[in-house]
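Hello,

Here is the structure we talked about. Please have it open while you read the notes.

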Amino acid sequence: MVEKVAADAVKSVGEKATLELLDRAVAGMGGQSRAGQHEMAKHVTRAIETGEHLLVQAGTGTGKSLAYLIPLIAHSMDSNKPTLVSTATLALQTQIVGRDLPRLLETINPALERPVNVALVKGRANYVCLQKLEGGFPSEEPSEGQLFSLGEDTSVPHFAASTGGPQSQLGKEVVRLREWAEKTTTGDRDELMPGVTDRAWRQVSVTSMECLGAQKCPVAEECFSELARSRAGEADVVVTNHAMLAVSAFEGLAVLPEYDVVVVDEAHELQDRVTGAVSGQLSVAMVHAAASSARKHTAITVDALNAAADSLDMAIAGVPNGLLPNGLNDEQLDCLDQLRDATRAALSDSKTDSSNAVDGGRQLARSRLMLILELCERMLAAKENREVVWFSRNSTFDPQQGYSPPDETAPALINIAPLSVAGRLREGLFAGHTVVLTSATLAIGSAFEPAAGGLGLIGDGAPSWTGIDVGSPFDYPKQGVLYVAKHLPKPGRGTSPEALDELEDLIRASGGGALCLFSSRRAAEEAADAMRLRLDVDILCQGESTMAALVKQFADEPDTCLFGTMSLWQGVDVPGGSCRLVVIDRIPFPRPDDPLMTARSRAVAQSGGNGFMAVSATHAAIRLAQGAGRLIRSTGDKGVVAVLDSRLSTERYGGFLRAALPPFWATTDRSVVRGVLERLGSAKAP
């Protein structure tokens, strides 16, 4: 439950030392200590000392990285275990390891007993595999239903210029990768500049399931992934991602060193990232690919496997996309049972012996079979384990048209995900560790319960926790305006002509400098095309270049506009006049046909709660706050957040959603907001 800490609480020795170290660090880095930063550092220190879990909402500009890194470092000096920092995105992970920690340690190392050892841990697929580089694995293009990868961070996809470039281009990329592999000391993909396509990277990397393992691999002592994990075991502070944290908590695998304290940054993403990391997908094509690989690399008979795949194909042919509220039917379950038995037999027949102990092809084949066996067992036990099952079909991507709707005649994919990750997180993460969860958008109003409930901190047997909001250094009512276009019609499919007219009017008034956030890629592209015809300002659109290049151009050109989707809702930090208008096309509710959200809403309703408010509205509130948070990034910023969804003012749940937003000065008067934007456009900083 949430507890208030008395203002006159006696400071501990650790707290006093931490604050002194924080003041030294901030001064050494040329900044000024902030009240919220001090408050957060005190509470993080107390949490570490007491072992009580802590939820901290720290607004943009608080300096929360320093506020939790200082207590972690102070604790690691006396502990024989590393402390962890987990992030949702590669961008923040890179910021902490590449910028925040080096600058911090440069200022505080003289005050410490010894230097601080920092390590970065990612999933295996993020590192080049030396065994594969030397030909120890067959080169195969992934088939539909690519292998489930343990802890591989897919939160920020690496940009690929095309979905299938010429073979010569792939060859050039692989040659460059091989040359880089001879020089790199880390093998970390993110250190390769410029980057390469996913297709090229797959030629030199393996997933955790494909890896031969340290006991069998002939180059294990030189393995970049193993070296990274070894360094983590000796480190004081380990930086990782939510996917790795999920695998450690759910699978019990030793992908992370033993730790006693973890700070989960971007904690509003934890539930979704954990769910994504432990979700699975099975297809008939996946089974046939596994059978082909097993026949090729292990020389076993795969007739039973192919027969089971054909039976499953008939059992799921023509099924509509969507949630299966009652689970798979008897025929489908019988087919999965047959497939499980055939897969188990194939695994038994393909066991490794001493003569092929380091056979990469055999390992690849067996890893595919093991994945199918695991998925069959999960789907057969879905009801007992409270897992959700649904059918889907892949969309196709066209560089000109974007993603098309799924083809209902395409082969079906069977998906599975846990209905809730709360219980498993309670057991695997919160039990035995002190956990500090922080984000700029963790509470709705002053309530932390929605976030805490989804993470396993509410209910019978839940551990003790404290929730605090340390505020923000920004004066939101004076720096920002929240404008809701109350006169617009309720959003329907696509962007209405009235909404496009409103968007044009707002951008024209501001003279550009607009970050426009849309609920879908197609909506962003259509709006960008429309505005290019109507306005004399440069319009950038997500997908036309790398995200980094787009954001840089947007930041460098005060009158340029940037249109995009969810990755921009959370990934853009552009202080100054270049971002003086943030437009949100609609409330970011989950899709009404989202199977997992639907199942979770029904579960809440069946237990007597309000499924819409507990799931859809809470999801929307956090993401709306993230989008609105793009506007004010420094004490000198001023601007307007414009929401083109009238429901924020007209529907009963509007107040709940607005409670999650920064306390901007609010209006629904179009003429007033036009005047504000015109003044901002005239006074924009170069």
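Below is what turned up, starting with the sheet and ending with the aromatic rings.

Please keep in mind that this is a predicted model.

Seven strands make up an open sheet, in the order 16-17-15-18-19-14-20. Their pairing is parallel. Strand 16 (539-541) and strand 20 (665-667) are the edge strands. Each has a single partner strand, so one side of each has no neighbour in the sheet. On average, neighbouring strands are turned by 15° against each other, direction ignored.

Strand 14 (residues 480-484) and strand 19 (residues 639-643) run parallel and are joined by 5 bridges. Leu482 stands opposite Val641 of strand 19.

Helices on the sheet. Helix 19 (residues 521-534) lies across strand 16 and strand 17 (561-564). Its direction is about 165° to strand 16. Helix 26 (residues 670-682) lies across strand 14, strand 18, strand 19 and strand 20. Helix 26 runs at about 140° to strand 19.

Aromatic rings. The structure holds 7 aromatic pairs. One of them is Phe589 with Phe612, a tilted pair at 5.5 Å centre to centre and 45° between the planes. Phe589 sits in the loop between strand 18 (581-584) and helix 22 (595-606), while Phe612 belongs to helix 23 (residues 611-628). The pair therefore ties together parts 23 residues apart in sequence. Phe612 counts as partly exposed because its relative accessibility is 33%, between the 20% limit for buried and the 50% limit for exposed. Phe474, Tyr476 and Phe664 form one aromatic cluster.

Best wishes

Methods:
Residues numbered from 1 in each chain as written. Predicted model: local features only at pLDDT ≥ 70, side-chain atom pairs only at ≥ 80, totals over all residues. Heavy atoms only, no water. Phe/Tyr/Trp six-rings, centres within 6.5 Å; stacked < 30°, edge-to-face > 60°. Helix = DSSP H or I, 4+ residues; strand = E, 2+ residues; numbered from the N terminus. Buried < 20%, exposed > 50% of the residue type's maximum accessible area, 1.4 Å probe, protein only. Pairing = 2+ DSSP bridges. Axes fitted to C-alpha atoms, helices over the stretch in contact; angles between N-to-C directions. Contact = heavy atoms within 4.5 Å.
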